[in-house]
Every structure is written in structure tokens, then in C-alpha cells.
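This report describes the fold of one protein chain. Please look at the sequence and the model before reading on.

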Amino acid sequence: MKLLVAALASELSAFPDELDGFDRLVTGPGKLQATYALTRALDARRYDEVVVVGTAGAIEPGLEATVHEIGSAFQHDVTDLDGVSGQHVSLPARVSTGRDGVLIATGDHFVEDAEVTAVIRPTGAALVDMETYAYIWVAGQFGVPIRAFRAVSDQAEDGALTDWRAAVARCSVQLRDVIRAEYGV
């Protein structure tokens, strides 16, 4: 059995309520809710794989507005004791799915500001979101393989929240198509 995970129910709007071989988990947005909900789910039952779907803002200029598989993640909104941005005082700087894919910058606020995007862009991140680092880290603590797919919903700059609201249904359809192609369900 696999666990299909999304932060928001709207990101799963194109998915059937029941998906053969998958349980479903909606965690709520942000790193804390993602950590709490996924920890509870993985503590309650053993899964063969965690499969994350959701939306993300594009940081890399010209990045295609499609679904991208995540290879690794870091937290863009933390600093260590020496003031190094992206370094947490006790967590790894980066976490990996163990698969090829793009780098995503995770933080607890919705990025919709060109100045914030300009600060994140030099890290090499292609996307920005609010949960992926937490999902990858928790799955790693339980030794469960994880895949994460993010559909580009906006450009993570001025007006991004309006763009996200308009795009979430389209993104859900794109994500559903990827899960169908990857898992045959």
C-alpha cells in the first residue's frame, strides 16, 4: 500500500476518492502540519511508498508550467547559529528523495514577492513550496521511500496567490495524469 499525500484537498480535486493501492492523506499547509500529519500516518501504518502531489511556485525563469518530480529540498526560511541561510541548527541542510529531479525551496510562507524570489533564486532552486522538505525528512525518519511531484501553479512573485487560486484545479488534473502514467491507476 502507498500513501498519497497533499497539503490541501483542492490539490486532489481531480483524483477519485478511492485510488487502488493508495491511502490518502491531506496534511494541511506548512512544514509543521505536514510533519505532524505524515508522522502520525507513518507511525500508524507501514507503507511501501509515500507519493506527494501538490502545487509549487516557479523560481527558475522560464520553467515549464507542468509537473516536475522533486529530487531534493532545503528550507529557505531558516538560518543556523552562524546566520547561514538555508541551514537549520539541527536538521540537514538538504534532504533527498533519492531520485533525479529538481531542487525545491520549502518555507512556511506563501512566496508571492519578487524580492523574496530574487533571494531564493541563486540557491539553484527551481520551485518553492511550503511542505516538501518536511515530507521528505519525515519519510526518511521512517525509512519509507518517497516521491514528490509538484505542478507549477504560479511564478512566486507579485500576484502569485491570485494565480494559484486560478491554477489549482488545472494543476490537480496535471498531477492526476502523472500518477496515472507512473502508477497505472
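## Basis of the model

This is a predicted model, in which local features need pLDDT of at least 70, side-chain atom pairs count only at pLDDT 80 or more, and totals for chains, interfaces and linings use all residues. Residues are numbered from 1 along each chain as its sequence is written, and side-chain values use heavy atoms, with hydrogens and water left out.

## Overall fold

The protein chain contains 4 helices and 8 strands; these are DSSP runs, helices being H or I with at least four residues and strands E with at least two, numbered from the N terminus. Along the sequence, their order is β-β-α-β-β-β-β-α-β-α-β-α. The radius of gyration is 15 Å, close to the 16 Å that the globule rule gives for 185 residues, so the protein chain is as compact as a globular protein of that length. The radius is taken over C-alpha atoms, and the rule is 2.2 Å times the number of residues to the power 0.38.

Of the contacts in the protein chain with a separation of 6 or more, 72% are between residues 24 or more positions apart. A contact means heavy atoms within 4.5 Å.

## Surface and burial

Of the 185 residues, 50% count as buried. Buried means under 20% relative accessible area, exposed over 50%, and partly exposed in between (1.4 Å probe, protein chains only). The protein chain exposes about 8500 Å², and carbon and sulfur atoms supply 50% of that area; the areas come from the Shrake-Rupley method with a 1.4 Å probe, and for residues only the protein chains shown count as cover.

## Nonpolar cores

In soluble globular proteins, nonpolar side chains tend to be buried together. A nonpolar core here is a set of buried Ala, Val, Leu, Ile, Met, Phe, Trp, Tyr and Cys residues joined through side-chain atoms within 4.5 Å.

The largest nonpolar core has 32 residues, and those with the most contacts inside it include Leu 3, Leu 38, Val 50 and Tyr 135. Among the elements that give it two or more residues are β1 (2-6), α1 (31-44), β3 (49-58) and α3 (132-142). The largest share, 6 residues, comes from α3. A second, separate core of 17 residues includes Ala 6, Val 53, Phe 149 and Ala 167.

Leaving aside residues up to four places away in sequence, Val 50 touches residues including Leu 3, Leu 42 and Ile 146.

## A loop residue

Pro 61 sits in the loop between β3 and β4. Pro 61 is exposed, with a relative accessible area of 59%.
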